[in-house]
Amino acid sequence: MISADCHIHSHHSGDSDASMEDMIGVAMQKGLDTLCFTEHQDFDFPTAYEPAGFFDLNVPAYLAELQSLQETYRGRIELLLGTEIGLQPSCVRENLDFVRTHPFDFVIASVHVAAGQDPYHKDYWADMRARAAARLPGADAETLRQEAEREGMGFYLAAVLENLQLYEDFDVLGHLDLANRYFGEGRTAYAHADHAEVIDEILRLLVEKDKGLDCNTNLLWRYGADEMNPTREILARFRELGGRILTFGTDAHEAAHVGDALDTARAIARSAGFTEYCVFRNRTAEWRPL
Ligand SMILES: [Zn+2]
Ligand SMILES: [Zn+2]
């Protein structure tokens, strides 16, 4: 069993209203012994999507509430101080300073904005369809949809690679192939072979720097997919290339989803050959059997 959810967002994140204490209660009900909050800090998040400062984290307030809860729950559940930083080429310096000047246990580095565009938003996909239509004049709607999804995934993965070449103070890469969360209408499948080259480059960089992957179950419990981010094919390739470090988390923004689909995620990771996973404390990995 996986006994740690290491990717959750409470009210300290701009896009969540969840109470930390409610999340802890659900974690304990589900038998978890460790919970790592990973509140958002996204510098330079495009103001076309959210007001300026929407994803700025108030670390003193977050730290104070977490320390008080650590006291309250001591001996019952371990609570860790994590963050999920958003990588963009424009804020490498800000991210370095942010991580270096706060006492985080765990840092997830994620790409939420690819070349100024967020795949969570519909305009990202409209742009991808327009590119596909320009490339394939006269193509039917189904072909254009498939091409837009291929283009949208490729565009996202290229941004992940670019950002990893610029920034390295983190523990795991968040939701490596996130773009398929937003294909729409329940679709999440994509062909690994279409992106094998860029995925390999990303994985080789992570292995070289001894960084891990965030196994993100959101796709399983929210989107009903049979894969998480990243897919089992990516996990198997990571292992083949010498990757060792996996962490598991739900990406829950509501208390009810803390701990969801961790068993399925465990089965997927085991099928990809992994027998251990990690929990980070004071930026150091503790290994647990998977
Ligand atoms: Zn994220
Ligand atoms: Zn997240």
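This is a predicted model: local features need pLDDT of at least 70, side-chain atom pairs count only at pLDDT 80 or more; totals for chains, interfaces and linings use all residues.
Trainee: Why are α5 and α6 called roughly parallel?

Mentor: The axes of α5 (residues 141-166) and α6 (residues 196-208) cross at roughly 25°. That angle is under 35 degrees, so the two helices count as roughly parallel. Their axes come within 9 Å, and α5 passes α6 in a left-handed crossing.

Trainee: Which residues in α5 and α6 meet?

Mentor: From α5 there are Leu157, Ala158, Val160, Leu161 and Leu164; from α6, Val198, Ile199, Glu201, Ile202 and Leu205.

Trainee: What makes one residue in this contact charged?

Mentor: Glu counts as charged, and Glu201 is among the residues that meet. By class the contact has 9 nonpolar, no polar and 1 charged residues.

Trainee: Which residues touch the most other members of the largest nonpolar core?

Mentor: Met23, Leu35, Leu246, Phe248 and Ala265 do, in a core of 75 residues. Helix α5 gives the most to this core, with 6 residues. A second, separate core has 5 residues, including Tyr124 and Trp125.

Trainee: What is phenylalanine 248 in contact with, leaving aside neighbours within four places in sequence?

Mentor: Its contacts are Ile2, Ala4, Cys6, Cys215, Leu262, Ala265 and Tyr277.

Trainee: Why does tyrosine 120 count as partly exposed?

Mentor: Tyrosine 120 has 14 C-beta neighbours inside 10 Å. A buried residue needs 20 or more, and an exposed one has 12 or fewer. The value of 14 lies in between, so tyrosine 120 is partly exposed. This residue is found in the loop between β4 (106-110) and α4 (122-135).

Terms used
Residues are numbered from 1 along each chain as its sequence is written. Chains are lettered from A and ligands numbered from 1 in the order in which they are written. Axes are lines fitted to C-alpha atoms, for helices over the stretch in contact, and angles run from 0 to 180 degrees between N-to-C directions. Helices (H or I, at least four residues) and strands (E, at least two) are DSSP runs, numbered from the N terminus. Angles under 35 degrees count as roughly parallel, over 145 as roughly antiparallel, 65 to 115 as roughly perpendicular and the rest as oblique. A crossing is left-handed if the near helix is turned anticlockwise from the far one by less than a right angle, and right-handed if clockwise. Two residues are in contact if their C-beta atoms, placed from the backbone, lie within 7 Å. A nonpolar core is a set of buried Ala, Val, Leu, Ile, Met, Phe, Trp, Tyr and Cys residues joined through C-beta atoms within 7 Å.
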